[in-house]
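Please read each point with the structure in view.

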Amino acid sequence: MALLSDLVNLNLSDTTEKVIAEYIWIGGSGTDLRSKARTLPGPVSDPSKLPKWNYDGSSTGQAPGEDSEVILYPQAIFKDPFRRGNNILVICDTYTPAGVPIPTNKRHNAAEIFSHPEVVAEVPWYGIEQEYTLLQKDVKWPLGWPVGGFPGPQGPYYCGIGADKAWGRDIVDAHYKACLYAGINISGINGEVMPGQWEFQVGPSVGISAGDEVWVARYILERITEIAGVVLSLDPKPIQGDWNGAGAHTNYSTKSMRGNGGYEIIKKAIDKLGLRHKEHIAAYGEGNERRLTGRHETADINTFLWGVANRGASIRVGRDTEKEGKGYFEDRRPASNMDPYVVTSMIAETTILWKP
């Protein structure tokens with residue numbers, strides 16, 4: 001008699017050429033992920049060879065009931081770590097039946113910026129540090145915390161080990177390996193300052209692929225927490241008080257910054273970011289004002305400042321970059337719930353295309 005786990009783990013390649021494609025898109029809130037699956041006649045590795053699909057946008061807050069059809073355009077393919085074999089995950093963006101991007105489709109505008117010849121020539125690299133919090137399902141309180149109570153003060157938890165310091169490591173390691181399996185350029189993980197909070201890093205990734213990889217990594221993480229009976233939170237300040245918030249620090253460089261004399265290019269780019277501070281903050285995630293207080297390794301939301309090795313700055317430049325005269329910088333302002341398509345393309349637009 002087959003067990004449920006036996007059926008879930010069936011290897012389809014033994015009996016059929018057909019594969020399952022899980023189409024993934026971003027819902028009406030701008031942060032919720034949705035997905036549904038379809039059968040394909042055989043393996044596919046090129047997203048342009050995949051069929052477009054549709055869904056009921058009135059059920060995701062993206063279309064009215066009387067005209068509810070939204071069209072999915074496949075954009076990037078990843079290996080499916082859940083079904084394995086030749087099965088795939090497909091990142092899609094969203095359009096009206098007439099081919100117009102719907103308002104929540106932030107990928108379309110980002111792709112236009114990243115395809116601009118001046119941006120292409122600069123080969124923008126991104127490394128995104130995605131912080132997140134694991135919550136107990138029924139009480140929505142951080143994993144490992146006593147229900148209704150608090151653990152000891154911050155200090156021993158950052159990169160900590162031990163049953164009284166690190167909670168959820170099985171989820172974190174499962175996610176790490178699943179992302180590598182999927183083909184995501186995940187570069188590391190670590191426990192964060194607040195207990196129950198973790199981080200993974202994606203990159204270096206070039207242009208639009210950074211956004212695709214962060215979104216599919218979030219999808220995989222939420223699927224794993226679903227299996228584990230734990231809730232994933234991307235709230236930038238899940239617990240008020242003397243606890244660190246959650247960000248998505250975005251490391252960035254261009255070809256010019258990575259070359260000789262790059263430090264001068266970096267400083268000019270940071271000056272441009274300072275001039276557009278308010279516009280960037282407005283696009284860097286909901287609830288970010290609760291996180292960017294000037295405490296807990298943040299700069300105040302209304303203040304733009306940068307510094308070398310300063311984790312209380314809006315923009316941090318590393319010691320190695322200063323020493324070598326070239327490299328990258330870190331924008332520490334984005335919240336954990338930011339849209340990586342918006343943040344990456346906005347940084348490129350401001351630093352490469354914008355002429356103040």
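1. Between which two strands is the place of K140? In this predicted model, K140 is in the loop between β6 (125-136) and β7 (141-142). The backbone of K140 deserves attention, as its phi is near 50 degrees, a positive value in a residue other than glycine.

2. The place of R84 is in the loop between β4 (69-79) and β5 (88-95).

3. G203 and P204 are joined by a cis peptide bond, with omega at about 0 degrees. P204 is found in strand β9, which covers residues 197-206.

4. The overall make-up of the chain may now be stated. The chain holds 10 helices and 14 strands. Its C-alpha atoms fill a box of roughly 60 × 50 × 40 Å, taken along the principal axes. How does the radius of gyration of the chain stand against that of a compact globule? A compact globule of 356 residues would have a radius of gyration near 21 Å, and the chain has 21 Å, so the two agree.

5. Burial and surface follow. Buried residues make up 52% of the 356 residues in the chain. The accessible surface of the chain comes to about 16,200 Å², and 53% of that surface belongs to carbon and sulfur atoms. As for contacts in the chain between residues at least 6 apart in sequence, 64% join residues at least 24 apart.

6. Helix α7 (residues 262-275) and helix α10 (residues 340-353) have axes that come within 9 Å and cross at roughly 115 degrees. The crossing in which α7 passes α10 is right-handed. Which residues meet where these helices touch? From α7 come A269, K272 and L273, and from α10 come T350, T351 and I352. By class, this contact of α7 with α10 has three nonpolar, two polar and one charged residues.

7. Helix α7 also contains Y263. Is Y263 buried or exposed? Y263 counts as buried because its relative accessibility is 15%, and the limit for buried is under 20%. Leaving aside residues up to four places away in sequence, Y263 touches W306, V308, V317, T321, E322, G325 and K326. Y263 and G327 are 64 residues apart in sequence, yet their C-alpha atoms are 7.1 Å apart in space.

8. A228 counts as partly exposed because its relative accessibility is 42%. How far apart in space are A228 and A174, C-alpha to C-alpha? The distance is 11 Å, while 54 residues separate A228 and A174 in sequence.

Methods: Residues are numbered from 1 along each chain as its sequence is written. This is a predicted model: local features need pLDDT of at least 70, side-chain atom pairs count only at pLDDT 80 or more; totals for chains, interfaces and linings use all residues. Side-chain values use heavy atoms; hydrogens and water are left out. Axes are lines fitted to C-alpha atoms, for helices over the stretch in contact, and angles run from 0 to 180 degrees between N-to-C directions. Helices (H or I, at least four residues) and strands (E, at least two) are DSSP runs, numbered from the N terminus. A crossing is left-handed if the near helix is turned anticlockwise from the far one by less than a right angle, and right-handed if clockwise. Contact means heavy atoms within 4.5 Å. Ala, Val, Leu, Ile, Met, Phe, Trp, Tyr, Cys and Pro count as nonpolar, Asp, Glu, Lys and Arg as charged, and the others, Gly among them, as polar. The radius of gyration is taken over C-alpha atoms; the globule rule is 2.2 Å times the number of residues to the power 0.38. Buried means under 20% relative accessible area, exposed over 50%, partly exposed in between (1.4 Å probe, protein chains only). Accessible areas come from the Shrake-Rupley method with a 1.4 Å probe; for residues, only the protein chains shown count as cover.
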